[in-house]
Amino acid sequence: MRGTVARMVAVDSIASRAGVAVRVVRCGGRHRGWSAPEGRSAPELVLVRRGWFQRRTRAGVFEADPTVGYLSLPDQEETFAHPGGGDVCTAIQFAPSLCASLFGEHRPATPAVYVDAALELAHRRFIASTRQADSDYALPESLLALTRAAIGPAPHLDTRASPYLGTRATDRDIVARARIAIVERHPAAGTLLSLAELLHVSPFRLSRAFTREMGVPLTRYRNRVRVGVVLERLEGGETDLAGLAADLGFADQAHLTRTVKEHVGHPPTALRRLLGTTDV
């Protein structure tokens with residue numbers, strides 16, 4: 001039976017970054033029998049994109065479909081059956097440290113996650129973010145939006161005290177420190193999650209507070225700062241765009257070019273002419 005199930009299931013890893021592993025799991029064919037018992041090494045959020053299947057734990061049998069997903073926890077043994085035929089799921093596994101940062105001791109009363117239209121949109125936007133180059137900020141922000149919509153943060157996380165910001169740190173304090181870290185290119189500002197860790201606040205609080213205080217998401221602000229550095233370097237005569245992209249943490253030169261054009265309306269080559277640093 002194990003071999004039969006294994007041949008039916010195809011697993012594709014589409015993202016692995018900063019304590020998150022995202023897989024697309026495709027099961028083909030009809031399989032009414034139960035699979036061999038499986039366990040999880042880390043919490044995993046599973047959302048169904050197409051089809052339906054059954055999941056069995058000590059709590060009983062549960063039907064998962066595009067309207068109802070579930071959170072799988074490490075202390076649960078589970079088996080699966082696929083009487084409905086083929087299905088496609090997104091499985092998002094959180095490293096234990098990231099899970100603690102996101103949820104603290106929060107444990108949902110039920111593993112079932114009702115997927116309304118807003119959550120389905122957040123799910124599809126998250127999948128789209130895995131195809132983008134900005135895996136340090138855009139991907140985590142999409143992940144935060146998705147997990148907030150699916151499960152919600154632990155209530156205590158938004159009031160967690162920071163030893164570096166004082167016992168009653170305000171959102172304005174946190175945002176100010178985040179901005180300084182980004183502008184000064186602090187090593188921890190390389191990713192959203194490491195920046196939150198530097199500030200000793202949850203990623204949920206940091207992301208939400210930043211948008212509220214600044215009027216733009218943290219990802220866009222960080223890119224705005226990087227574009228400013230690009231302009232300064234181009235004005236100074238920089239011609240090595242690939243090296244500049246690597247220095248500023250872009251995925252590659254194409255990622256830098258797209259980001260610059262999005263923010264100022266011109267690619268770097270045109271900006272050199274506009275800034276008078278090359279012959280027209």
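Ala245 touches Phe250, Asp252, Gln253 and Leu256, leaving aside residues up to four places away in sequence. The model is a predicted one. Ala245 belongs to helix H9, which covers residues 241-247. Leu256, one of the residues that Ala245 touches, is eleven residues from Ala245 along the chain, and the C-alpha atoms of the two are separated by 5.8 Å. Ala245 has a relative accessible area of 1%. Because this value is under 20%, Ala245 counts as buried.

Arg226 lies over the face of Phe250. Elsewhere, the charged end of Arg56 sits over the ring of Trp34. The table sets out both cases.

| Charged residue | Ring | Distance from ring centre |
|---|---|---|
| Arg226 | Phe250 | 3.8 Å |
| Arg56 | Trp34 | 4.3 Å |

The crossing of H5 past H8 is right-handed. On the H5 side, the residues that meet H8 are Arg179, Ile182 and Val183. On the H8 side, they are Leu218, Tyr221, Arg222 and Val225. Sorted by class, this contact has five nonpolar residues and two charged ones, with no polar residues.

The next topic is aromatic rings. The structure holds four aromatic pairs. One of them is formed by Phe62 and Tyr70, with 5.9 Å centre to centre and 80 degrees between the planes. The pair is edge-to-face, because planes over 60 degrees apart are counted that way. Are Phe62 and Tyr70 buried or exposed? Phe62 is at 17% relative accessibility and counts as buried. Tyr70 is buried too, with a relative accessible area of 3%. Phe62 and Tyr70 are also part of a cluster, in which ring pairs link them with Phe53 and Phe80.

Some totals describe the chain as a whole. Its secondary structure comes to eleven helices and nine strands. The chain has 280 residues, and 45% of them are buried. Among contacts with a separation of 6 or more, 69% are between residues 24 or more positions apart.

Notes: Residues numbered from 1 in each chain as written. Predicted model: local features only at pLDDT ≥ 70, side-chain atom pairs only at ≥ 80, totals over all residues. Heavy atoms only, no water. Left-handed = near helix turned anticlockwise from the far one by under 90°. Helix = DSSP H or I, 4+ residues; strand = E, 2+ residues; numbered from the N terminus. Contact = heavy atoms within 4.5 Å. Nonpolar A, V, L, I, M, F, W, Y, C, P; charged D, E, K, R; others polar. Phe/Tyr/Trp six-rings, centres within 6.5 Å; stacked < 30°, edge-to-face > 60°. Buried < 20%, exposed > 50% of the residue type's maximum accessible area, 1.4 Å probe, protein only. Lys NZ or Arg CZ within 6 Å of the ring centre and 35° of its normal.
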